[in-house]
Amino acid sequence: MNMARVLQVCVGTARPLRLPGGRTLLSSIGKAPVAGTVMARALGLDGDEQADLNVHGGLQKAVYAYPSEHMAFWREQRRAHGVSIFDEALPPGFMGENLLVEGLLESALWIGDRLHVDGSACVLRVTAPREPCGKFTAVMGFAEAARLMVREARCGFYLAVDAPGVLQAGATLRLTPGLRGLRVADAIRAKWARHRHG
């Protein structure tokens, strides 16, 4: 695996989000980059909120990371579905990610892998893929977004904070393998198949 790094650290607060059909829910999916360092603790990043603790947050989903390599795909999909007529960049935090990362793809990352943040005591552990929800579909602006996230395994991944420490944009991430039983890409497809047939 090539060297991985943090491109942006993002946090956000819970705000109303309008869903298709006009319903409004409280959501923290919209996040924004932070300048300087941010402390990562057992329950997440300082300054970050989670609106629905049933699916986000907690010890096993304290931090959400998303690969920057997927952003061009989503930009093109939004254009193809008529959401945006311009080739506009999706800003950091748009996917709801706390960490916009480079060099960590779901097909090459395994549940249980650890990420050591160089220059910090922080150690993060991969725990689960992100499962798309109605809030994600609302933000993306087209109905097929959730299905595409799963089919393409462009889901990003949740992290537990095994050791607290600071995070900042530009930090290098050093991977140490876990048990290597299940790739993140396979985990999202397996979970989605259970939901569909369960």
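A cavity is a set of points, on a 1 Å grid over the protein atoms alone, where a 1.4 Å probe fits but cannot get out, and its lining residues have an atom within 4 Å of a point. The structure is a predicted model, in which local features need pLDDT of at least 70 and side-chain atom pairs count only at pLDDT 80 or more, while totals for chains, interfaces and linings use all residues. Residues are numbered from 1 along each chain as its sequence is written, and side-chain values use heavy atoms, with hydrogens and water left out.

**Cavity**
- The lining of the largest cavity comprises 15 residues, and Ser28, Ile29, Gln50, His56 and Gly96 lie nearest the centre.

**Thr127**
- Thr127 belongs to strand E10, residues 123-129; a strand (E) is a DSSP run of at least two residues, numbered from the N terminus.
- Thr127 counts as buried because its relative accessibility is 16%, where buried means under 20% relative accessible area with a 1.4 Å probe, protein chains only.
- Beyond residues up to four places away in sequence, Thr127 touches Gln60, Ile111, Tyr158, Leu159 and Ala160, a contact being heavy atoms within 4.5 Å.

**Sheet**
- An open sheet is formed by three strands in the order E6-E5-E12, with antiparallel pairing; two strands pair if DSSP finds at least two bridges between them.
- Strand E6 (44-45) and strand E12 (165-167) are the edge strands, each pairing on one side only.
- Strand E5 (residues 38-41) is joined to E12 by three bridges.
- Val38 has Leu167 in E12 as its bridge partner.

Methods
Helix = DSSP H or I, 4+ residues; strand = E, 2+ residues; numbered from the N terminus. Buried < 20%, exposed > 50% of the residue type's maximum accessible area, 1.4 Å probe, protein only. 1 Å grid on protein atoms, 1.4 Å probe; cavity = no way out; pocket = protein on both sides within 12 Å on 5 of 7 lines; lining within 4 Å.
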